[in-house]
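Hi,

Here is the structure I said I would pass on. Have a look at it first, and then read my notes below.

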Amino acid sequence: MADRIELPIYYEDQILGAADLTAAVDLSTGQLARHERYLHTWGIASGLELQSAPKSTAAGDAYADVTLTSGMAIDGWGREIVVAEDELLNPSAFADANVFVKDLWHPVFLIARDEDAAAQALGMGACFNAQVSRRQQSFEIGFGRPGDQFDLDTQQAPAVLDGPGTSGWKILLGYVKYSTTLSRFIEVTDSDQGIGPRYAGVQADEVVARSGKLVMRSRAVTQAGVPALALDEADGGTLVFGLQDGAGGITPLLTVNSKGDLDAVGKIGTVVVSGSGIVSDGMLVPLPGALTEERVAQGNIELHIHLSPFFTEGPPIPLAGPDWVMHPRECRVLDDRRVKCRVTWQSIGAAAPLVTRPGVCSYMIVAYVPEE
Amino acid sequence: MSEKFYLLIQKDTLDVLGVFSRGASAAAPAPADVAGESLQIFEAETGDELARVPASVLEVKDTTFITDVVTSPLAYRWNDAGAPLVKPSGMINVAITVATGIAAVTFNPVAADTPLWIRIEEGGSEVVTQSHKLAAGATLFDTAQSPFQAGKQYGVICLIRGFQPFINFINT
């Protein structure tokens, strides 16, 4: 394998061989494949849905004709797979695949396949040469065993220089159930065990708008009621989450403006309130903000409390003398938010007994309050 | 520091029993907000639960931050002028006699109608809670009742306005 990309060049009077022209074609297909796989993620780009048409046999047994709609996908090698027309899934192909397991969903895959086109009549070249001069970028519809969908991410990745190749990369389209009695499909679904078709995406560390407004939508712009996210320069800068109105606009549900103000139509899931100060032995740590004992008693509120001894200059009344130091003896919060804080005073200037007193501590309390 | 400083006092004797502060934007709390049903008094040396002061006899006062009050809250009482004031060094002595009850003796004679509040617990249960006003010159308060038993340890809080509090265990 070449370790460099070669660009074919031509000179006047050069006799061009097939390899020279093929090199030019390979260059562009390789560039496109590398773009597709390194700047995008593989998957369905458009269409390619499995649609079921309920049918019944003459004996009254229900089955389904399954059709793959037209569309396009990009595989893991960056190869474009185009299904130009709706394609009826062939039950015989399923039977030939030898993957049947009763009552289970079988994944349906789209796989790129090259096919030589028929030789061109009156083609230019050596006399009586019947070699093909076209290749069709076709596809096949494959069937897997139940659970094969879990192996989608273990498919062989290309080397950097590789072109689109013919890797046999599988793109999941959906699932079918099959009846060996009827030799037909009987059901279709797009998801099994949480895995459904994967759609092509973008690999980008930066996405930049040119109009001053960057929008992300979960569905097409005309689809009302589906979510969208907009980063907009207007009004000094806003971030808007909302639902599409079907006419290209977004009905805001949550807006953050350039000052950081948050405006929500609905409820904020959890409110964090905090407080700090000092509190003495035997008391409860004050609840922060407007939080009440009744609200805490209802439960579902998470309190985090930190205490540390509050050092002051002694001595405590009625002791006298300048050189007393405070030692924390106990400083903790009990289950009911009650503070237990004792300190021992020690004279370092003169011999004097140690004196233990109720103490005062600094507190920090943080409450996580679910919005009602 | 954007916070307000408060004292928790016994509303009759005006003894400061606790100090606390919180954010200035928060409303002044009620006594129950910082004491619960009762303020728990622990014995300083051992940390054992001594007795409780019900929130119903407590009051919250806001004041400025004073280091000495934080260091020795029990040495202060609330002043009619609206500030904490260090109490005189006068002590109270409390004795429990199983046969006759409890007697509180002040170091100095008291002024007329001096409030007294006393709470006695045993094993976390209330035994005696009384409010009283002492007559002028009195130095002795006798509960004139004796729910006490021999061989017990009672936690005693005795507050008399203008005196250092008595907070201790008494063994009978």
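**A buried arginine, and where the chains meet**

Arg119(B) is buried, with a relative accessible area of 6%. Bear in mind that this is a predicted model. You'll find Arg119(B) in strand 10 of chain B, which covers residues 114–122. The side chain of Arg119(B) has a polar contact with the side chain of Glu121(B), at 2.9 Å. A polar atom of that Arg119(B) side chain also lies 3.2 Å from the backbone oxygen of Arg52(B). Leaving aside residues up to four places away in sequence, Arg119(B) touches several others, including Pro54(B), Glu126(B), Val128(B) and Ile157(B).

Now for the two chains together. On the chain A side, 33 residues are in contact with 34 residues of chain B. About 2400 Å² is buried between chain A and chain B, and carbon and sulfur atoms give 58% of that. In chain A, the residues that lose the most area to chain B are Ile278(A), Met283(A) and Ile317(A), together 24% of what that side buries.

As for charges, the rule finds one salt bridge across the interface: the side chains of Arg329(A) and Glu45(B) meet at 3.1 Å, N to O. Between chain A and chain B, 14 residue pairs are in polar contact.

Which strand gives the largest share of the side of chain A that touches chain B? That's strand 18 of chain A, with five residues. By class, that side of chain A has 17 nonpolar, seven polar and nine charged residues.

Cheers

Conventions. Residues are numbered from 1 along each chain as its sequence is written. Chains are lettered from A and ligands numbered from 1 in the order in which they are written. This is a predicted model: local features need pLDDT of at least 70, side-chain atom pairs count only at pLDDT 80 or more; totals for chains, interfaces and linings use all residues. Side-chain values use heavy atoms; hydrogens and water are left out. Contact means heavy atoms within 4.5 Å. Buried area is the accessible area (1.4 Å probe) that two parts lose on being put together, summed over both. A salt bridge is a side-chain nitrogen of Lys or Arg within 4 Å of a carboxyl oxygen of Asp or Glu. A polar contact is a pair of N or O atoms within 3.5 Å; within protein, one must be able to donate a hydrogen and the other to accept it, and residues adjacent in sequence count only if both atoms are side-chain atoms. Helices (H or I, at least four residues) and strands (E, at least two) are DSSP runs, numbered from the N terminus. Ala, Val, Leu, Ile, Met, Phe, Trp, Tyr, Cys and Pro count as nonpolar, Asp, Glu, Lys and Arg as charged, and the others, Gly among them, as polar. Buried means under 20% relative accessible area, exposed over 50%, partly exposed in between (1.4 Å probe, protein chains only).
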